[in-house]
Amino acid sequence: MINQPSSNICQPELRTAFTTEQDVGTATISLYQQLNCPDLHFILFFCSAEYELEKLANALQARFQDQLVVGCTTAGEITVEGYAQGSISAIGFSASSFAVSGQLITNLEQFSFAEAQGLVQQLSEECLARQVAPITDHSFAISLFDGLSTQEEQVLITLDSALGSIPHFGGSAGDDICLTNTHVYYEGAFHTDAAVVILVNTCCEFRVFSGHHMQNRETKLVVTEADSESRRVCELNAEPAAEEYARVVGLPLEKLNHEVFALNPIAVRIGDEYFVRSIQSVNDDLSLTFYCAVENGIVLTVMRPGEMVPLLDQQLSLEESALEEHLLTLGCDCFLRRLEGGIRGLNESLSELLRRHRVVGFNTYGEQIDGMHVNQTFTGVAIGRAR
């Protein structure tokens, strides 16, 4: 007998599942038992990179032969019981309320607008064939990227242009902060240097949203030398990038690490909003590698964390209140937010908050919202009952 979580969401429209079983076969059976229903159409899952991925791919393919299954590896999972590590979290979508189509992109560097248009047209036609709802005003797109591909920016800009008025969000796959191999899953296999685009067409209410808790510290850093393709900044304010960053945050160079980056992020201002560009690492030549592309001449602002728990609670409540009846929220939560939560002793409160708001998803190496690649942000979609 496989123990199943008792708090899973089981609605006509959506079902959730998660397992902490480490044996691939046992874990897959547990997911199947929790998700299995005659109307099951699409499964979206998020798994720890600790699993034997080839075995997991084969097991999922064998168990869910009649459903479209898409997923990715993570830097932490979000289940109906809150934060988890070393687990698999999944959502099952019903055929009666959701028409879902997906497509794998493998040529990330050469992905063109014509290809994007063809992809969106194909996904739309496949969804329309199921006759669930019109595409316009009844669809949203999800993107999952290999989080170490460094290709998110150009692909997202191209994809967003092709999607037009269809709202779009997503996340970049992680690997438990090892920064070595991240994967997306599509059609029975895990892939690197790839992305999956999913179009969800539904008669249910939904709200796509994004937000963060960072506040402006007014301190400015100008990127005076950068290699945007490798996401490496060599100079800030005409000084070696790592030295200048250490100076403005008031720490010695040798103290710079993930925790410092999480608590002292930098952001680019677009209009009245700030979008975080998180630092990944310090290099031997004192350059800084980022999780997002940073261009020459950009003015960056040093930020400080605000109150993450009440601000996330406020945002999730706002999105839910706009729905007649909230079922669940699919969330992409930056791993640096979870890291910050651990440093500040907030993760138990955050986990309880995510559980209370019925959030399922994963911790990412980057988040995507309507064509933009950002960091230290929470993006997602709140889903309600059929309209």
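Guide: Happy to! Let's start with Asn237, which is found in the loop between β15 (232–236) and β16 (239–240). Strands here are DSSP runs of E with at least two residues, helices are runs of H or I with at least four, and both are numbered from the N terminus. The model is a predicted one, in which local features need pLDDT of at least 70 and side-chain atom pairs count only at pLDDT 80 or more, while totals for chains, interfaces and linings use all residues. Residues are numbered from 1 along each chain as its sequence is written, and side-chain values use heavy atoms, with hydrogens and water left out.

What makes Asn237 worth a look is its backbone: phi is near 55°, a positive value in a residue other than glycine. Most residues other than glycine have a negative phi. Asn237 counts as partly exposed because its relative accessible area is 26%; buried means under 20%, exposed over 50%, and partly exposed in between, with a 1.4 Å probe and protein chains only.

Ile177 also has a positive phi, about 65°, although it is not a glycine. Ile177 lies in the loop between β9 and β10 (184–186), and at 35% relative accessibility it is partly exposed too.

Strand β9 itself covers residues 168–172 and includes His168. His168 has a relative accessible area of 0%, so it is buried. Its side chain makes a polar contact with the side chain of Ser143 at 2.7 Å. Such a contact is a pair of N or O atoms within 3.5 Å; within protein, one must be able to donate a hydrogen and the other to accept it, and residues adjacent in sequence count only if both atoms are side-chain atoms. Leaving aside residues up to four places away in sequence, His168 touches residues including Ala141, Ile142, Leu156, Val208, Gln368 and Asp370, where contact means heavy atoms within 4.5 Å.

Now the wider chain. It has nine helices and 26 strands, and 58% of its 387 residues count as buried. Of the contacts with a separation of 6 or more, 82% are between residues 24 or more positions apart. The C-alpha atoms fill a box of roughly 60 × 45 × 40 Å along the principal axes.
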